Amino acid sequence: MIHLTNISKQYGSQILFKKASLQILKGTRTGLVGANGTGKTTLFHLITGEDEADGGDISFAKKIKIGYFSQNVGEMSGRSALAEVMAGSADVTALGAAMKEMEASMAEPMADDAMAALLDRYGEAAEAFENRGGYDLENRAQTVLTGLGIGPGDYGRPVESFSGGWKMRIALAKILTINPNVLLLDEPTNHLDMESIIWLENWLVNDFKGALLMTCHDHDFMNRVVSRVIEVANYTTTAYGGNYDFYIREREIRMAQLLASYRRQQEMLAKEENFIARFKARVSHAAQVQSRIKKLEKIERIELPESQQVIKFKFGLIPRSGEDVVLMDRLGKTWESAGENPKTILRNVSGVIPRQAKVAVVGVNGAGKSTFLKMLAGKTEPTEGTARIGASVKTGYFSQHAMDILDENKTVFETVQEALPLENIGVIRNLCAAFLFSGDDVDKKIKQLSGGEKSRVVLATLLGRPLNFLILDEPTNHLDIQSREILLGALKEFEGTLVLVSHDRHFLRSLVDQVFEINQGKMTVYKGDYEYYLSKTGHAHKAI
């Protein structure tokens with residue numbers, strides 16, 4: 001359907017691709033992986049025509065319809081949520097309007113020849129309208145919106161009244177509703193809650209019939225949706241036939257083989273170069289020396305790929321807390337807003353979070369997960385009962401809003417140093433490097449950073465401190481899969497107590513030993529890991 005052949009692309013001195021090739025074939029489900037900055041988004045832009053290759057060829061099948069979802073949704077205003085989604089299929093709605101005009105014309109008297117010609121045009125339009133899904137367009141738009149968490153009560157809401165994260169859902173719904181035969185998705189699970197992620201996963205697996213190319217930092221989502229992975233690295237693309245887990249295993253095998261071949265070649269080259277150095281001055285060996293020089297010139301040198309940078313972090317000494325880290329006694333929270341009915345988030349929650357517990361807080365979007373974490377962290381007061389912090393507990397709290405209160409005029413180094421004022425320059429630089437800010441990067445101002453980079457700064461300021469109780473609200477947002485794995489490994493080794501909210505099922509599966517579910521103001525405690533929670537609640541079939 002789409003073929004990119006021998007593509008070259010660079011921006012200034014930054015080379016992204018050298019004779020890279022990629023194919024999107026009919027019905028294929030492909031995951032696009034690679035470190036930040038290797039060119040994944042550029043590939044999307046080359047396919048959509050937003051950018052042009054410096055060399056190579058891009059060819060498309062006839063009558064191809066491409067849908068592209070990116071993190072840049074643009075301006076939205078002047079329409080309802082449903083109208084905005086349907087506006088993505090403007091060509092289909094225009095065709096429907098033309099059919100209505102033709103139907104009106106058919107009711108008017110006209111010559112037989114004119115009527116025959118009109119009927120022919122109407123038949124062609126009706127066939128095209130049906131093929132493009134025109135007859136169920138509105139129903140399809142409603143189904144997708146509901147699946148992404150925007151229910152019937154919000155179909156008519158103006159899009160400008162939605163927050164940025166909800167606008168992303170509307171933009172995603174618009175792309176899915178057009179029913180393209182090639183779907184390009186750049187991080188589609190960002191800003192989605194667990195229920196919407198699972199709905200999208202099922203929709204892509206069971207309902208979408210076209211070809212898919214996507215980037216995604218959700219390990220489980222990638223595993224279930226894709227059957228092919230293309231790695232973007234070292235100026236080229238490499239295809240792997242299998243899901244994400246297969247790619248990881250196969251890449252390790254290929255890397256081991258490549259490293260072995262590289263070492264053998266280096267040994268051979270060293271021997272040849274040593275022979276040339278020893279005998280180049282001897283006339284009796286001149287022919288042999290020249291022969292070996294020519295041999296070396298013809299050899300294609302094996303190059304090892306540049307290692308992908310990921311977070312490399314280990315906790316320092318963790319001070320011991322008391323056995324009871326949080327004691328909750330009839331804890332409750334009700335939000336009150338002028339002109340609206342009070343909304344009870346939690347009521348009558350009692351219990352203990354023990355030392356070294358690793359707790360996941362789960363529930364549908366808006367259930368009160370973040371509010372519960374804020375009460376534990378002392379960022380908001382309960383309206384009833386107490387959440388008392390135990391003896392010798394040193395608390396650290398991470399939220400997405402923490403990125404918004406960073407001083408944008410300070411550098412990365414200054415921000416981390418301010419959080420750890422007693423540490424020396426060497427320790428601060430090492431901590432910055434662990435979170436991928438090395439060399440001149442530490443002198444970047446916060447306002448120059450991307451969302452992912454800001455997230456890493458906040459994590460560095462938090463995890464570098466001697467804390468024994470971590471409260472983390474979506475810590476993996478904006479981190480790529482490799483960096484998530486490193487953070488996961490560090491948190492597994494964390495000897496303190498952890499309470500977190502995350503929509504990354506792989507993260508929860510691998511880490512937690514208790515689950516607190518919030519549902520309609522009640523909290524249910526499951527004293528087992530995430531799989532135990534899924535089996536007890538009957539959600540296991542949804543989250544596989």
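## Salt bridges

In this predicted model, a search of the whole structure turns up 21 salt bridges. One of them pairs Lys 9 with Asp 54, with 3.9 Å between the closest N and O atoms. Lys 9 belongs to strand 1 (residues 2–11), while Asp 54 sits in the loop between helix 1 (40–48) and strand 4 (55–60), so the pair ties together parts 45 residues apart in sequence. Lys 9 counts as buried because its relative accessibility is 7%, under the 20% limit. Asp 54, at 52% relative accessibility, counts as exposed. Through shared partners, salt bridges join Lys 9, Asp 51 and Asp 54 into one network.

Another salt bridge is formed by Glu 231 and Arg 251, whose closest N and O atoms are 3.5 Å apart. This pair links distant parts of the chain: Glu 231 is in strand 8 (residues 228–233) and Arg 251 in helix 9, 20 residues apart. Glu 231 has a relative accessibility of 10% and therefore counts as buried. Glu 418 forms a salt bridge with Lys 410, and here the closest N and O atoms are 2.3 Å apart. Glu 418 is exposed at 52% relative accessibility, whereas Lys 410 is partly exposed, with a relative accessible area of 23%.

## Packing of helices 9 and 10

Helix 9 (residues 244–279), which holds Arg 251, also packs against helix 10 (residues 286–298): their axes come within 10 Å and cross at roughly 145°. The crossing is left-handed. From helix 9, the contact uses Leu 269, Glu 272, Glu 273, Phe 275, Ile 276 and Phe 279; helix 10 contributes Gln 288, Val 289, Arg 292, Ile 293, Lys 295 and Leu 296. By type, the residues of this contact are seven nonpolar, one polar and four charged.

Six strands make up an open sheet of mixed pairing, in the order 14-15-16-12-17-18. Strand 14 (395–398) and strand 18 (522–526) are at the edges; each has a single partner strand, so one side of each lacks a neighbour in the sheet. From one strand to the next, the twist averages 15°.

Within the sheet, strand 12 (residues 358–362) and strand 17 (residues 514–519) run parallel and are joined by four bridges. Val 362 has Glu 517 of strand 17 as its bridge partner. Helix 14 (residues 451–463) lies across strand 14 and strand 15 (469–473), and runs at about 175° to strand 14.

Notes. Residues numbered from 1 in each chain as written. Predicted model: local features only at pLDDT ≥ 70, side-chain atom pairs only at ≥ 80, totals over all residues. Heavy atoms only, no water. Axes fitted to C-alpha atoms, helices over the stretch in contact; angles between N-to-C directions. Helix = DSSP H or I, 4+ residues; strand = E, 2+ residues; numbered from the N terminus. Left-handed = near helix turned anticlockwise from the far one by under 90°. Contact = heavy atoms within 4.5 Å. Nonpolar A, V, L, I, M, F, W, Y, C, P; charged D, E, K, R; others polar. Pairing = 2+ DSSP bridges. Salt bridge = Lys/Arg side-chain N within 4 Å of Asp/Glu carboxyl O. Buried < 20%, exposed > 50% of the residue type's maximum accessible area, 1.4 Å probe, protein only.
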